Amino acid sequence: MRTACSSNGKGFPLKITIINQFCPPDLSPTARLIASLAQHRVERGDQVTVVGGQGYTASLQDASENKKPTGVSACDRQYGLHIKRVWTPRLGKKTVLHRCIDYLVFYMLACITLIRLPRQEVIICLTTPPLIALAGLLHKFFHRNTRIILWNMDCYPEILERTNSIHPNGIIFRSIAGLNRFVSARLDHVVCLDSAMRDLLRSRNDSKQAPISIIPNWEQLDRFSCPEATEGKAHSREKAFTVLYSGNMGHGHCFKTVLDAAKIMTDTAPNIQFLITGGGVQEKFIRQTIRSEQLDNVVFEGYVSSERLRIIQQNSHCALITLKNNMLGCMSPSKLHAKLAMGLPIIYLGPAGSNIDDALKAYQCGVSLRQGNTQDFIAALQMLKSSSKIWKGFAKRSRYAFEDHYCDKKKLLLLDAIIDSTSRQSSKHSAIKNAA
C-alpha cells in the first residue's frame with residue numbers, strides 16, 4: 001500500500017515526468033535507470049509519467065528468444081507507473097541518417113505529448129536524443145512554475161566533434177552549442193555522472209548555469225542480492241580465465257589494445273579467454289579482426305538476454321571496461337555498476353580521471369591502465385589468473401563498492417533531495433504568484 005508523500009512540502013504528491021527515448025522494458029542502461037527512479041517515486045506516492053520511444057534492445061532480446069514484443073500494458077503493470085510510449089520508426093543505429101530520423105520523430109511526438117500533459121511540478125530530461133530537454137521547456141512555456149532537471153548522460157556536440165563526425169567550428173557544432181546555451185539558461189538543476197563531465201559542462205561558458213550535482217549511475221540492489229561471483233567460484237590454473245566485455249561498442253570505446261593483447265596471448269596465455277556480448281558501431285570491426293587474426297581466445301556472442309548475461313557474469317572472472325582518451329567528460333561508461341554488483345574485478349583501459357578510474361582508486365577493486373599499454377594489460381590478466389588471493393581481494397572489494405556507493409539504495413536518496421528541493425522552488429513561486 002502506497003502512502004501519499006509530502007515531497008513538495010505541502011502534503012500532496014508530486015507530478016513528475018521523465019523524458020528519454022529509451023524506457024522500460026528496453027534493456028538499455030538509461031531505460032533501467034528510468035524504471036528504477038520512476039518506481040521509487042511511485043512508491044513514495046508521486047504521480048510519475050514516463051515519455052519514451054519503443055527502443056531497440058527489447059525487440060532484439062525478444063527476437064533472440066522467439067518471443068512477441070512486450071506490450072505497453074504489460075510494461076505498465078510491471079513498473080506501476082504511467083508510460084506514454086510514442087511511436088518511432090526504430091531504424092536503429094546503422095547509419096547517422098537512421099538515427100537522426102528516429103530522433104526527429106521522437107522529438108516531434110514527445111513535444112506534442114508534453115504539450116498535452118497537465119502541469120507537472122518537475123520534468124526530468126535525459127540526453128537521448130540530445131537536447132530533448134527542449135520538449136520539457138515547451139511544457140514549461142505553458143506552465144511557468146514547472147521545474148526542469150537535466151539528467152546529463154553524455155555531452156553533445158562534443159561527442160560528435162571528438163569522433164570527427166562534425167567540424168568543431170562548423171554550422172552543426174555552433175547550432176547545437178547555441179541550443180545548449182538556450183537550454184542551460186532555463187534549467188533549474190543539472191545532474192551529471194562524474195567530475196570530468198561536470199568540468200566539461202562548466203567549460204561551455206554559458207552566461208547562466210544551473211547548479212550541477214554529480215550522481216553516478218547505479219544498479220538495483222534487489223536485482224543483485226547474492227554476490228555469486230565472490231562465493232565459491234572455481235578459480236584454478238586448469239580452468240580458462242574468462243575476461244568479460246558486455247554492452248555497447250560505440251564510438252567512445254577502444255578495442256585495439258584488447259585485440260592486440262588477445263593476439264599475443266593466443267600462444268603465450270591460452271588459458272585466458274575473452275568473451276564479448278552486446279553490439280554497436282564497432283561490432284563489424286571486432287568480428288572481422290577476430291576472423292582475420294584467427295583469435296581463438298575471443299568469443300563474440302552479440303546481444304544476449306538478461307538471463308543469459310547473468311549466467312555469463314557468474315562464470316566470468318573479471319570485467320573489461322574501455323574508454324577512448326578523447327571521450328573523457330563526454331560520456332561515462334555504465335558497465336561498471338552491474339560488474340561491481342556481481343563481485344567482478346575490473347580491468348579498465350582508458351584515461352585517468354573518469355568515473356571508472358575514480359572507483360578503482362577509491363575501492364581498490366581492479367586495475368586502471370591507459371590505452372596502448374598492451375604488455376601491462378597482459379601482465380594484469382596473468383596476475384589475476386595466477387593469484388587467487390589477489391583476485392578474491394579485488395572481487396570482495398568490488399561487491400563492497402557496489403553496496404557502499406553504486407546501488408539504488410544510495411543514489412536514489414541523492415536524486416530525491418534534488419527533486420524535492422527543486423519542486424519546493426516551484427511551490428514557492430506558485431505561492432508568490434497567487435499572493436500577488
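Leu-91 is partly exposed in this predicted model, since its relative accessibility is 32% and the partly exposed class lies between the limits of 20% for buried and 50% for exposed residues. The residue is located in the loop that runs between β3 (82–85) and α4 (96–116). Together with Leu-97 and Ile-101, Leu-91 forms a nonpolar patch on the surface; the accessible area of the three residues together is about 250 Å².

Helix α4 also packs with helix α5 (residues 133–142). The crossing of α4 and α5 is right-handed.

Cis peptide bonds occur at two prolines in loops. One joins Thr-128 and Pro-129, with omega at about -5°, and Pro-129 lies in the loop between β4 (122–125) and α5. Another joins Tyr-156 and Pro-157, where omega is about 15°; Pro-157 belongs to the loop between β5 (147–151) and α6 (158–162).

Positive phi angles are found at Asn-164, with a value of about 60°, and at Gln-294, with a value of about 50°, although Asn-164 is not a glycine and Gln-294 is not a glycine. Asn-164 is placed in the loop between α6 and α7 (171–184), and its relative accessible area of 70% makes the residue exposed. Gln-294 occupies the loop between α10 (283–292) and β10 (298–302). With a relative accessible area of 59%, Gln-294 is likewise exposed.

Definitions and conventions
Residues are numbered from 1 along each chain as its sequence is written. This is a predicted model: local features need pLDDT of at least 70, side-chain atom pairs count only at pLDDT 80 or more; totals for chains, interfaces and linings use all residues. Side-chain values use heavy atoms; hydrogens and water are left out. Patches are made of residues with over 30% relative accessible area and no salt bridge: like charges are joined within 9 Å, nonpolar side chains (Val, Leu, Ile, Met, Phe, Trp, Tyr) within 5 Å. Accessible areas come from the Shrake-Rupley method with a 1.4 Å probe; for residues, only the protein chains shown count as cover. A salt bridge is a side-chain nitrogen of Lys or Arg within 4 Å of a carboxyl oxygen of Asp or Glu. Helices (H or I, at least four residues) and strands (E, at least two) are DSSP runs, numbered from the N terminus. Buried means under 20% relative accessible area, exposed over 50%, partly exposed in between (1.4 Å probe, protein chains only). Axes are lines fitted to C-alpha atoms, for helices over the stretch in contact, and angles run from 0 to 180 degrees between N-to-C directions. A crossing is left-handed if the near helix is turned anticlockwise from the far one by less than a right angle, and right-handed if clockwise.
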